[in-house]
Each structure stands twice: as structure tokens, then as C-alpha cells.
Amino acid sequence: MLVTNPFATFTTPAGRDTLANTLSARYDVDVEHTTHRGHAGELGARAAAQGYDAVVVHGGDGTVNEVVNGILGAPDRPDPADPAALPALGVIPGGSANVFARALGIDRDPIVATAQLIELLDAGSRRPISLGHTLNRWFLFNAGMGMDAIVVRRMEAKRRKGKRATAQRYFFTTISSFFSSAVTPPVFSVQVPDHEPIDGVRFGFVSNTGPWTYFGARPIETNPGTDFDHGLGVFAATSVGVLRNIVLGSKLLTGSDDPRAAHLFRDDDVEWVRFCGTEPADVQMDGDYLGKHTDLEFGCRRHVLHVAAAAAAAPPA
């Protein structure tokens, strides 16, 4: 099954037709275009129920997230399926950031990515990966509470006005959010195994892999030691002060392999995380705004999804 999102930032009718024709020349392909929010999840569930070998998604991270949640069903389902019996997931980037695809080593260019995917499908390359979950939904690469979710909310408002979600627009929205006196994220606490609670947190991320996101071609690594084969990464800051976070942001932009700051708690491999506050705070998952919540519990399920991707590189000796 090929699932395409005609509303994704960087997809075009000609590009979608070329992709469908290219894949159809080699495989039996059912092409489905999403028409409404949640439709991609419905298609993923149908693909799993009907025994498709693979589901290829051409769209942004939000569309991929929906398809994955449809394929797997809710994390608390009583009868989880064997990942090997489910469709393998392939991704052709079509959004603005495409964090998940790029974390798997998929090229940003849809033409190059299509050639990669065909080679992987022909070779039967299926790589098992772990996923995070919260609010009874799976997330692919990250979820967050506080400032990053505020930025996502403000970006979604701009997109509803017809503005494209470019890297530059994300950057300036982030900077303006930190500088704005009207943006005051509530404080919350962060709990992780074998550690005292971190109180007074103003924004926090939980990552399932790295990078956290991309600024154009540049990866932003909040948790450099987090990957698809281990536990969750947590990155929690107790200040939204501009100077403090400019210094921290510069470390992230320059690719530090161990970003640290006095106001930052970071761990790259934990089994669970809990965010708990007294006031509702903005929440995002894989770049989609999920509203406001006071309490979030994050878990990780190992090797729950098979993806059409090359095997992970071996760690350095």
C-alpha cells in the first residue's frame, strides 16, 4: 500500500504520480490518498488487517505517525501483534522536516529516497526498531511539553493562515517564543528511574532516537546517545532565560556530542519518564500539537515495528 498525503508541505501531484508509477512498475501497489485527519491511521490499520507486505508513506512526520499508530494499534491493546507479521514501513519524505525518515538514513530528496526504498524492498531489508509511547499513542522520534510544544502550536496557527512550515519559519518562531513576555510555559517536574525528581522544569523533550529535529540540513542532537535500539532520551531545562538558552542552543547547532548546561538535566537511555505539573502545559508529539496536559507518562517498547531501512551502524570500537 502506498499512502500519500496531498496536503504535505513538499509533495506535488506530479511527484506523487511519479512515485506511484515507479513503484507500480515493480510491485502490486494500492495507492491511497489521505483526505482528513486520522485517515492515514485508518489506512495503516487496514493494511495490517489485510496482510499487506509493506506500507510506504509519502508525506510528513505527522502522516507517518498516524500510519504507524494504525498498523500497531494502541500501546495498551491486550493482543499486540508479532512485528514480523505486520507490514514493513517505508518512508518517502514529503514534509518540512522529515525527522523520522532522515534518522533512518533515508535521503531528503524523494527521487533518491525512492531508489533507496526499491533497493531495500528488493533485498527484503526489514530492520526492527523501538518506539516510545504516551497518551496511549506511539511516537517515532520525540514528544515534548512546554516551549517546544508552544512553538508547534504557533506554527500550526501560521500554517492555517496559509504559511509554509519552512526551517527558517520554525527558527524565527522559536526565537520569538523565547523572547516574548506573553509566552510563559507552566513549570512541571520530571521523574526518571533512580534519580530524584527534577523540579521547576520549563520545557522538556523525550526522544526515541536522534536527532531531535533538523535545521535545514543540520541535525539538532539534544540526546546524542539515544537511538532506535535503546531506551528513551530525556532533555529537561529549568529556565527559559534567553542568555542561558542561547548558549545551550549554540551547542546544539554546532553539533556537540555531549550538550550540557547548569539548568539542564539530560539522560540518553532511560526506560520511562514522567512529566507532572499543577497547571496544564502545551504538548506535542512528532511535531503535531496535542493540546494541554498536566501529567504525561512515557514508556518504550523494544523492537515493536519493522521498517524498510538499512541496519544500524555498529558503534565505534
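**Reading the fold by its definitions**

The chain has 8 helices and 16 strands. Helices (H or I, at least four residues) and strands (E, at least two) are DSSP runs, numbered from the N terminus. This is a predicted model: local features need pLDDT of at least 70, side-chain atom pairs pLDDT 80 or more, while totals for chains, interfaces and linings use all residues. Numbering starts from 1 along each chain as its sequence is written, and side-chain values use heavy atoms, without hydrogens and water.

Me: What share of the residues count as buried?
Reply: Of the 317 residues, 50% do. Buried means under 20% relative accessible area (1.4 Å probe, protein chains only).

Me: What makes a set of residues a nonpolar core?
Reply: Its members are buried Ala, Val, Leu, Ile, Met, Phe, Trp, Tyr and Cys residues, joined through side-chain atoms within 4.5 Å. The largest one here has 45 residues; Leu72, Leu89, Phe100, Leu131 and Leu305 touch the most other members. Helix H3 (residues 61-72) gives the most, with 5 residues. Another core, of 22 residues, lies apart from it and includes Phe188 and Val270.

Me: Which residues does Leucine 72 touch, not counting those up to four places away in sequence?
Reply: They are Arg77, Leu86, Leu131, Trp138, Val304 and Leu305. Contact means heavy atoms within 4.5 Å.
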